[in-house]
Amino acid sequence: MSAEDVVRALLARGETVATAESLTAGMVTVELTSVPGSSAVVRGGLVVYATDLKHALAGVDGALLAEHGAVHPEVARQLAEGARERCGATWGLGLTGVAGPDPQDGVAPGTVHIGLSGSSGSWVESLTLGGDRREVRERSAAAALDLLLATLKIPVE
């Protein structure tokens with residue numbers, strides 16, 4: 001998998017993507033936009049590292065954040081939906097998790113939730129990743145691109 005494969009697949013389908021990234025703080029968008037021609041498919045990205053910005057910029061439900069904190073599968077799903085809607089993209093990716101080295105709100109390091117939103121709905125892939133802070137963030141970004149690419153490989157109906 002590579003960002004080039006994702007950009008190529010989006011181009012072939014005439015589709016676009018936007019991100020709302022917390023854990024990865026823009027890494028997915030950086031990877032995508034490093035590909036020549038990506039401006040045709042990347043609509044934008046929201047870096048919503050602070051919890052209040054997840055609500056203010058990406059539209060994550062404030063009550064959800066208050067009750068469960070920033071690292072929750074539903075937060076990832078709403079981040080993806082917010083990115084897609086606010087940026088006017090075909091697809092939205094949302095990432096939240098704990099890179100470590102310490103737990104966050106009782107959630108263990110390596111806990112990652114990746115949301116993907118498209119016209120047919122949205123879903124979440126939850127992962128537990130090993131490694132140090134840098135490795136967790138890099139693996140999270142790669143997993144998000146893998147999830148999108150796997151979805152894009154499903155034939156257009």
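A salt bridge is taken here as a side-chain nitrogen of Lys or Arg within 4 Å of a carboxyl oxygen of Asp or Glu. The model is a predicted one, and by this rule five salt bridges are counted in it.

First stop. Select Arg13 and Glu15, whose side chains form a salt bridge with an N to O distance of 2.8 Å. Are these two residues buried or exposed? Arg13 is partly exposed, at a relative accessible area of 22%. Glu15 has a relative accessibility of 12% and counts as buried, because the cut-off for that class is under 20%.

Second stop. Move to helix 5, which spans residues 73–87, and select Arg77 together with Glu81. The closest N and O atoms of this salt bridge lie 2.4 Å apart. The two residues are four positions apart in the helix, so about one helical turn separates them. Both fall in the partly exposed class: Glu81 has a relative accessible area of 22%, and Arg77 has a relative accessibility of 21%.

Third stop. Proceed to helix 6, residues 133–152, and select Arg134 and Glu138. Their salt bridge has its closest N and O atoms 2.9 Å apart. Arg134 is partly exposed at 45% relative accessible area, and Glu138 is partly exposed at 38% relative accessibility.

Notes. Residues are numbered from 1 along each chain as its sequence is written. This is a predicted model: local features need pLDDT of at least 70, side-chain atom pairs count only at pLDDT 80 or more; totals for chains, interfaces and linings use all residues. Side-chain values use heavy atoms; hydrogens and water are left out. Buried means under 20% relative accessible area, exposed over 50%, partly exposed in between (1.4 Å probe, protein chains only).
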